[in-house]
Amino acid sequence: NNIFYFAELESTNSFAKEMAKEAEEGTVVIAESQKKGRGRLGRNWQSPKGGVNLSVILKPNIPLDHAARLTLMTGLAAANTIRSLGLDARIKWPNDVLIKDKKVCGILTEVDAEMEQVDYIIIGIGINANVNVDDFPPGIRENATSLQKELGTEVNRVEFVQKLLYEIEQQYIKFKTQEFSAILSEWINLSDTIGKNVTIMTPSKMVEGKAIGITDTGAISVRTKDGKRVNLIAGRCVYTR
Ligand code: BTN
């Protein structure tokens, strides 16, 4: 597979997007640091040197409304890779990886579709590996951690990236050859969100209740106070008491 490596880039997702149409499936873009690392919901992503910032281009033959499955798949791959270091990584829906309630990894999935069919999908993964989260701006640093901080020692990022890409590949093979429930059950095992009281915010609505499950398309199921069950495919998830 093609791997594009850069010391610095604006954003690996932006770079990947520019070449996605011509690129081979499995192409990887890695940057030591990003000047304009992008997060979900228009936020930015702190990407100093020492972190792992990478994007993978996938070209699955799936309908657009199955794309969220790949986001969950990637969160699972990242959590498994972090767990292989001996850390208790858990997944917050849709795709934050947490260690002891603090965010260590974020995933930004960007999809291009034609006629409701996925053309390509870029999965961007940012991991606070050997970065000092105390240097992050206030408001972010309180809820962030890094592999180095949790391990008490630096991680070998080359080995880590090798494991991560291997794990993504294994999950992707599973994605293509098995029912989604195979991935979903593993995801639910590592879920930090199921069973918690949550508020899910989308541009059009806000739903409060208990997270009771994930649907076959990757939506979160919330049971509201009045007993209704609402499924949300995307949004911001906040834990409420
Ligand atoms: C989030 O939690 O909001 C998602 C963060 C995703 C960050 C990664 S770093 C590599 C890739 N390139 C980007 O610009 N963003 C993603």
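Trainee: How do helix 2 and helix 5 cross?
Mentor: The axes of helix 2 (residues 67-83) and helix 5 (residues 180-189) come within 10 Å and cross at roughly 50°. Axes are lines fitted to C-alpha atoms, for helices over the stretch in contact, with angles from 0 to 180 degrees between N-to-C directions. Helices (H or I, at least four residues) and strands (E, at least two) are DSSP runs numbered from the N terminus. This is a predicted model, where local features need pLDDT of at least 70 and side-chain atom pairs count only at pLDDT 80 or more, while totals for chains, interfaces and linings use all residues. Residues are numbered from 1 along each chain as its sequence is written, and side-chain values use heavy atoms, leaving out hydrogens and water.

Trainee: Which residues of helix 2 and helix 5 meet?
Mentor: From helix 2, Arg 69, Leu 72, Met 73, Leu 76 and Asn 80 meet Phe 180, Ile 183, Leu 184, Glu 186 and Trp 187 of helix 5 (contact means heavy atoms within 4.5 Å).

Trainee: Switching topic, what is the strand order in the open sheet?
Mentor: Its five strands run 11-10-9-8-12, with antiparallel pairing; two strands pair if DSSP finds at least two bridges between them. Strand 11 (229-232) and strand 12 (236-239) are the edges, each pairing on one side only. On average, neighbouring strands are turned by 45° against each other, direction ignored.

Trainee: And how many bridges join strand 8 to strand 9?
Mentor: Five, between antiparallel strand 8 (residues 197-201) and strand 9 (residues 206-214). Val 198 stands opposite Gly 209 in strand 9.
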